[in-house]
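Please examine the sequence and the structure shown below.

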Amino acid sequence: MIVKSLENIIGTEDETSDGNWTSRRFILNKDGVGFSMNDTVIAAGTENYFWYKNHIEAVYVIEGEGQIEEVENGGKMHDLKPGTLYLLNDHDKHKVHAKTQLRMVCVFNPPLVGTETHNEEGVYPLLTE
């Protein structure tokens, strides 16, 4: 059994940030369960471009309001609010527009190892440890 609390992750190597967002990494590849899970906060008033060409990501919004933009589908917009889930099942390029601070639970497959940061394309590299 694995039990972790947010208060024990904040300020450790399992928390990473780029200024617009902060990701607290609860479950990682080293936990051996086949996926990783993050608690992610995106700052209010920011626009963030992401492309997970090496991962499938499911995101469940638990706090805040904003929109997700499908970059390659004519800029189609979807509202984000608590209770909304989006799945990037086609490695979709997307932008997250945070009207207010957004807090989300993010699940990745294959799992993150914990040291990933977005490169200039908005991509996490595929790391294995």
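Asn-54 is placed in the loop between β4 (47–51) and β5 (56–63); strands are DSSP runs of E with at least two residues, numbered from the N terminus. This is a predicted model, in which local features need pLDDT of at least 70 and side-chain atom pairs count only at pLDDT 80 or more, while totals for chains, interfaces and linings use all residues. Residues are numbered from 1 along each chain as its sequence is written, and side-chain values use heavy atoms, with hydrogens and water left out.

Asn-54 counts as partly exposed because its relative accessibility is 26%; buried means under 20% relative accessible area, exposed over 50%, and partly exposed in between, with a 1.4 Å probe and protein chains only. The C-alpha atoms of Asn-54 and His-91 are 7.4 Å apart, although 37 residues separate them along the chain.

Strand β10 (residues 102–109) has a covered face with Leu-102, Met-104, Cys-106 and Phe-108, and its uncovered face holds Arg-103, Val-105, Val-107 and Asn-109. Strand β3 (residues 36–42) runs antiparallel to β10 and is joined to it by seven bridges; two strands pair if DSSP finds at least two bridges between them. Asn-38 has Cys-106 of β10 as its bridge partner. Seven bridges also join β5 to β10, again antiparallel, and Glu-57 stands opposite Phe-108.

Ser-36 belongs to strand β3 and is buried, because its relative accessible area is 0%. A polar atom of the Ser-36 side chain lies 2.9 Å from the backbone nitrogen of Leu-112.

**The aromatic rings**

How many aromatic pairs does a search of the whole structure find? The search finds two, where rings of Phe, Tyr and Trp (its six-membered ring) pair if their centres lie within 6.5 Å, and planes under 30 degrees apart count as stacked, over 60 as edge-to-face and the rest as tilted.

| Pair | Centre to centre | Angle of planes | Type |
|---|---|---|---|
| Phe-50 and Tyr-52 | 6.1 Å | 10° | stacked |
| Tyr-52 and Phe-108 | 5.1 Å | 85° | edge-to-face |

Tyr-52 lies in the loop between β4 and β5 and Phe-108 in strand β10, so their pair ties together parts that are 56 residues apart in sequence. Phe-50, Tyr-52 and Phe-108 form one aromatic cluster. Phe-50 is buried at 7% relative accessible area, Tyr-52 is buried at 5%, and Phe-108 is buried at 1%.

Terms used:
Helices (H or I, at least four residues) and strands (E, at least two) are DSSP runs, numbered from the N terminus. A polar contact is a pair of N or O atoms within 3.5 Å; within protein, one must be able to donate a hydrogen and the other to accept it, and residues adjacent in sequence count only if both atoms are side-chain atoms.
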